[in-house]
Amino acid sequence: MLMEKERIEIAEYGRKMSSSGLSKGTSGNISIYDPETGYMAISPSGLDYFSTQPEDIVVMDLKNNIIDGTRKPSSEHGLHTVMYQNKPEARAAVHTHSTFCTTISCLNMPLRAVHYVIGGAGVPEVPCAEYATFGTMELAENVEKVIGKSKAVLLANHGLVTCGPTLAKAFGLAVNVEFVAEMQWRASCMGNPVVLSNAEMDVVMESFKSYGQPSKAGEKKDGTGY
Ligand SMILES: [Zn+2]
């Protein structure tokens, strides 16, 4: 099976995404990109994550062609493609309708540095892309317009997309960004949240580079800490 390891990992993280509450029902999708072949493995459209098997995952190139698989790919494959085209270091992308990120996106607002873990996105503010219908190239293009140096983008009235050098890191970032969105919402309910300065966020982002246990040879850090 083409990209077997990646397909197994996507099926596993799909179950994780559903059980962690990051995405409800069949919403949300996950992909892994292999720069050597130029192929991405992506979750199928509308299948329950708990019944998705590795063979249900679809392999595509970045030009909308299906290379392997019998299922229809996620309708957001264009969104995933844009992440890999704009982020040369990205090897995985995660799209969710997580509750608090989606709440902030319904206000068409960016995520602010109300908590320092936002630094995991590589920027002090996570932008919100303009609304476009789900599954359209227009939505993907709107993300492309605002992504800049960020590894995460809110999608207006829709949800969130993140990327990372591994699926574990892209998933961990989606979890952390959801936490920041919840803090922004909770703090806004009580007053005006204090936003950390760009200078402080520069210090935080520098510290993140050396955070955690040093990697042993062959060991993948999951990037969900801080
Ligand atoms: Zn969506």
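Is histidine 97 buried, partly exposed or exposed? Histidine 97 is partly exposed, with a relative accessible area of 32%; buried means under 20% relative accessible area, exposed over 50%, and partly exposed in between (1.4 Å probe, protein chains only).

The model is predicted, so local features need pLDDT of at least 70 and side-chain atom pairs pLDDT 80 or more, whereas totals for chains, interfaces and linings use all residues. Residues are numbered from 1 along each chain as its sequence is written, and side-chain values use heavy atoms, without hydrogens and water.

**View 1. The zinc ion and its protein donors.** His95 (NE2), His97 (NE2) and His158 (NE2) lie 2.0 to 2.1 Å from the zinc ion. Donors are N, O and S atoms within 2.8 Å of the metal (3.2 Å for Na, K and Ca); water is not among the atoms, so sites may look incomplete. Along the chain, the spacing of the donors is H-x1-H-x60-H. Histidine 158 counts as buried, at 10% relative accessibility.

**View 2. Helix α1, residues 4-19.** Helices (H or I, at least four residues) and strands (E, at least two) are DSSP runs, numbered from the N terminus. Among the buried residues of α1 are Ile10, Ala11, Tyr13 and Met17. An α-helix has 3.6 residues a turn, so residues three or four places apart point the same way.

How values were computed. The expected span of a helix is 1.5 Å times one less than its number of residues.
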